[in-house]
Amino acid sequence: MRGVRRRLLAASAAVTLFMGLDLALVSPGPTISHAVEPPVELKWHQLVPPAPPAPPKSFLSGRPTSPINPAGPHDGAAPPPGQPDGRWMSGPLPQSDAPAPVVAALDGKRVRIGGYVVSLDFDATKVKEFLLVPFVGACIHVPPPPANQIIYVKSAEGFEVTGQFEPVWITGTLKVTSAFTGLAEAGYSLEADRVEHR
């Protein structure tokens, strides 16, 4: 009887040990709850939404002819006033103060984009706030590009600059929020977690 009892206890211990190993193999270990996603490589043209399709062209695209007068040309009525060339059925061009359109799908994306630095706030040679623009001279020597081609960047740590319009790669989280600066309006904002010299 003692032999049977010992074998049952040994078998029970073996099953418990096996189940413990099985659970240890199945149970996930510690996980990283917030894995950093790799940044999306952005090109400047991707910050501009696609243009809406053009309306179909009218068959009346040429110069209109004079309206037909059913009473005849000699009924005593004054002829309709003529239209200047190129102005038929068109009014003055609409003036819009609407900001340049942005790509809403980019909001909250972690991105990497290259451009040129236009400093806004710096301490000695360290820049913490700047505009990122696609070409040299934007906002200073030439008129600013549209708002959807300017990114307002904040870098908590800042980075060293060696000259004006420094080419850099910026990695961080892009926000579709406009920012008004003394130089230009930016259609996007970005919290930089990495700045690399190009």
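At 43% relative accessibility, Glu41 counts as partly exposed, a class that lies between buried (under 20% relative accessible area) and exposed (over 50%), judged with a 1.4 Å probe and protein chains only. The model is a predicted one, in which local features need pLDDT of at least 70 and side-chain atom pairs count only at pLDDT 80 or more, while totals for chains, interfaces and linings use all residues. Residues are numbered from 1 along each chain as its sequence is written, and side-chain values use heavy atoms, with hydrogens and water left out.

Side chains of opposite charge can pair when their charged atoms come close. A search of the whole structure finds four salt bridges, each defined as a side-chain nitrogen of Lys or Arg within 4 Å of a carboxyl oxygen of Asp or Glu. One of them joins Glu41 to Arg112, with the closest N and O atoms 3.0 Å apart. Glu41 lies in strand E1 (residues 40-41) and Arg112 in strand E2, so this pair ties together parts that are 71 residues apart in sequence. The strand names follow DSSP runs numbered from the N terminus, where helices (H or I) need at least four residues and strands (E) at least two.

Arg112 counts as buried at 18% relative accessibility, whereas Glu196 is partly exposed at 22%. The side chain of Glu196 meets that of Arg194 in a further salt bridge (3.8 Å, N to O). Arg194 is partly exposed, with 49% relative accessibility. Taken together, Glu41, Arg112, Arg194 and Glu196 are linked in a network of salt bridges.

The strands that carry these residues can be followed through their pairing, where two strands pair if DSSP finds at least two bridges between them. Strand E2 (residues 110-123) is joined to strand E5 (residues 167-175) by seven bridges, and the two run antiparallel. E5 in turn pairs with strand E8 (residues 188-197) in the antiparallel sense, over eight bridges.

Arg110 is buried, with a relative accessible area of 17%. Leaving aside residues up to four places away in sequence, Arg110 touches Val36, Glu37, Pro38, Pro39, Val40, Thr171, Gly172, Thr173 and Asp193, a contact being heavy atoms within 4.5 Å.

The structure holds one aromatic pair, formed by Phe130 and Phe159 in an edge-to-face arrangement, 5.4 Å centre to centre and with 75° between the planes. Rings of Phe, Tyr and Trp (its six-membered ring) pair if their centres lie within 6.5 Å; planes under 30 degrees apart count as stacked, over 60 as edge-to-face and the rest as tilted. The pair links distant parts of the chain, since Phe130 is in strand E3 (residues 126-133) and Phe159 in strand E4, 29 residues apart.

Two loops complete the picture. Phe165 sits in the loop between strand E4 (151-160) and E5, and counts as buried at 9% relative accessibility. Phe165 and Gly115 are 50 residues apart in sequence and 8.9 Å apart in space, C-alpha to C-alpha. Leu183 belongs to the loop between strand E6 (179-180) and strand E7 (185-186); at 33% relative accessibility, Leu183 counts as partly exposed. Together with Leu120 and Ile140, Leu183 makes a nonpolar surface patch of about 210 Å². Patches are made of residues with over 30% relative accessible area and no salt bridge, like charges being joined within 9 Å and nonpolar side chains (Val, Leu, Ile, Met, Phe, Trp, Tyr) within 5 Å. Accessible areas come from the Shrake-Rupley method with a 1.4 Å probe, and for residues only the protein chains shown count as cover.
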